[in-house]
Amino acid sequence: MEINLYSDTQTKPTAAMYAAMASAAVGDEQHGRDPTVNALCERVAALTGKQAALFLPTGTMCNVIAFLVHCRPGDEVIAHETSHVLMSEGGGAAAFAGALIRPLPGAQGRFDAGQLVAAARQPSRYSPRSRMVVIEQTANFAGGAIWPLDQIQAVADAAYARGLIVHMDGARLFNAVVRSGVAAADFCAPCDSVWIDLTKGLGCPVGAVLAGSSGFIENARVWKQRCGGAMRQAGVLAGAGLHALDHHVERLAADHRNAREFARLISAHPAVTLAPPDPETNIVIFDVGLRRGSARDVSARLLERGVRIGALSDSRLRALTHLDITSDQTAEAATILGSILDDFR
Ligand SMILES: *Cc1c(COP(=O)(O)O)cnc(C)c1O
């Protein structure tokens with residue numbers, strides 16, 4: 001069987017999750033009458049400490065709708081230069097909301113309050129209006145690095161002092177929660193809006209939940225309708241989400257252990273440099289220095305040997321652990337990678 005470390009989105013529903021989906025009570029979600037969707041939204045609102053929440057098909061749509069609600073065309077969004085909103089959403093902020101993204105550098109996918117203060121523009125008819133800031137928890141392309149609570153608080157304080165809105169892309173918020181022991185509501189308290197992905201470590205087939213104030217969610221619901229995201233008997237999907245929140249949160253610790261073990265095993269190889277050196281959650285990013293062949297060649301050769309790991313560039317690969325990966329598979333993937341790297345050296 002293939003060892004699929006390409007992404008934590010690659011999980012298939014467990015038998016218990018299918019059972020929860022099959023037995024979910026359903027209704028017309030578009031009319032607010034799907035009881036399971038409503039239960040999921042109440043659950044996520046409570047977990048994130050927000051007034052209300054909205055079930056959406058994807059995390060990308062959560063970000064787009066947040067931009068549409070918070071921004072006017074010509075507004076500027078401040079985000080890290082490696083953020084998913086900038087790198088991997090097809091320019092959605094610009095295409096739909098007319099917002100431009102101002103990239104900030106910084107180690108571990110993070111920037112600090114000083115950088116934000118320097119970047120936020122003074123109101124002027126010449127400048128775009130600085131409108132909101134995005135914090136990505138965990139930072140995907142920084143190897144799942146966690147934004148510490150005090151740094152979120154400091155950035156949010158600086159943002160509020162400048163009248164900026166704070167939005168959290170919490171695709172992997174629960175990885176941060178489980179690893180750090182900080183409650184989800186505490187991470188979210190400094191943020192105006194936040195969303196969690198059900199299809200990453202939580203292991204659902206479809207879905208994400210956006211949360212914020214009742215006024216924000218009311219506006220988000222209008223944009224959901226306009227974007228074609230309003231659904232019908234979506235309780236079958238929300239049932240998977242509730243099941244995941246009950247059963248798949250604590251177990252993220254196992255993914256973190258597997259990622260650390262994978263990192264430890266592969267870092268013993270002289271061709272491998274971990275980036276960052278110490279993966280905090282379930283994402284392992286590493287560079288390969290080879291005489292012959294690139295990271296893309298390594299990725300292709302891995303696939304021939306039954307291991308799927310994506311190349312981010314000619315020298316960089318990214319592996320993610322998740323629900324469908326055991327510790328034995330982690331070790332086996334590391335062994336196969338080592339032998340392929342030997343061939344390329
Ligand atoms: C996966 C991801 C998204 C997009 O979520 P989808 O549900 O795949 O649309 C956004 N931000 C981050 C940080 C992600 O990892």
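Hi everyone, let me start with a definition. On a 1 Å grid over the protein atoms alone, a pocket is an open set of points where a 1.4 Å probe fits, with protein on both sides within 12 Å along at least five of seven lines. A molecule sits in a pocket if more than half of its atoms lie within 2 Å of the pocket's grid points. By that rule, our ligand sits in the largest pocket.

A quick word on where the values come from. This is a predicted model, where local features need pLDDT of at least 70 and side-chain atom pairs count only at pLDDT 80 or more, while totals for chains, interfaces and linings use all residues. Residues are numbered from 1 along each chain as its sequence is written, and side-chain values use heavy atoms, with hydrogens and water left out.

Now, the ligand. Which residues come nearest? Of the 13 around it, they are Thr 60, Asp 169, Arg 172, Asp 197 and Lys 200; being near here takes a heavy atom within 4 Å. By class, that shell has 2 nonpolar, 5 polar and 6 charged residues. Charged means Asp, Glu, Lys and Arg; nonpolar means Ala, Val, Leu, Ile, Met, Phe, Trp, Tyr, Cys and Pro; the others, Gly among them, are polar.

Let's look at some distances. The side chain of Thr 60 has an N or O atom 2.6 Å from a ligand oxygen. For Asp 169, a polar side-chain atom is 2.6 Å from a ligand nitrogen. His 84 has a side-chain N or O atom 3.5 Å from a nitrogen of the ligand. As for burial, the ligand alone exposes 380 Å², and the protein buries 88% of that, using Shrake-Rupley areas with a 1.4 Å probe.

Which elements give two or more residues to this shell? Helix 3 (59-70) and strand 7 (193-197) do. Helices here are DSSP runs of H or I with at least four residues, strands are runs of E with at least two, and both are numbered from the N terminus.

Zooming out, the protein has 14 helices and 13 strands. Its C-alpha trace spans about 55 × 55 × 35 Å along the principal axes.

Some backbone details for you, too. A cis peptide bond joins Gln 137 and Thr 138, with omega about -5°, and Thr 138 lies in the loop between strand 5 (130-136) and helix 7 (149-161). Another cis bond runs from Ala 275 to Pro 276, with omega near 5°; Pro 276 is in the loop between strand 9 (272-274) and strand 10 (283-288). Gln 108 is not a glycine, yet its phi is positive at about 60°.

Last stop: Asp 246, in helix 11 (residues 235-247). Its side chain makes a polar contact of 2.7 Å with that of Arg 43, meaning a pair of N or O atoms within 3.5 Å, one able to donate a hydrogen and the other to accept it. Thanks, everyone!

Technical notes. 1 Å grid on protein atoms, 1.4 Å probe; cavity = no way out; pocket = protein on both sides within 12 Å on 5 of 7 lines; lining within 4 Å.
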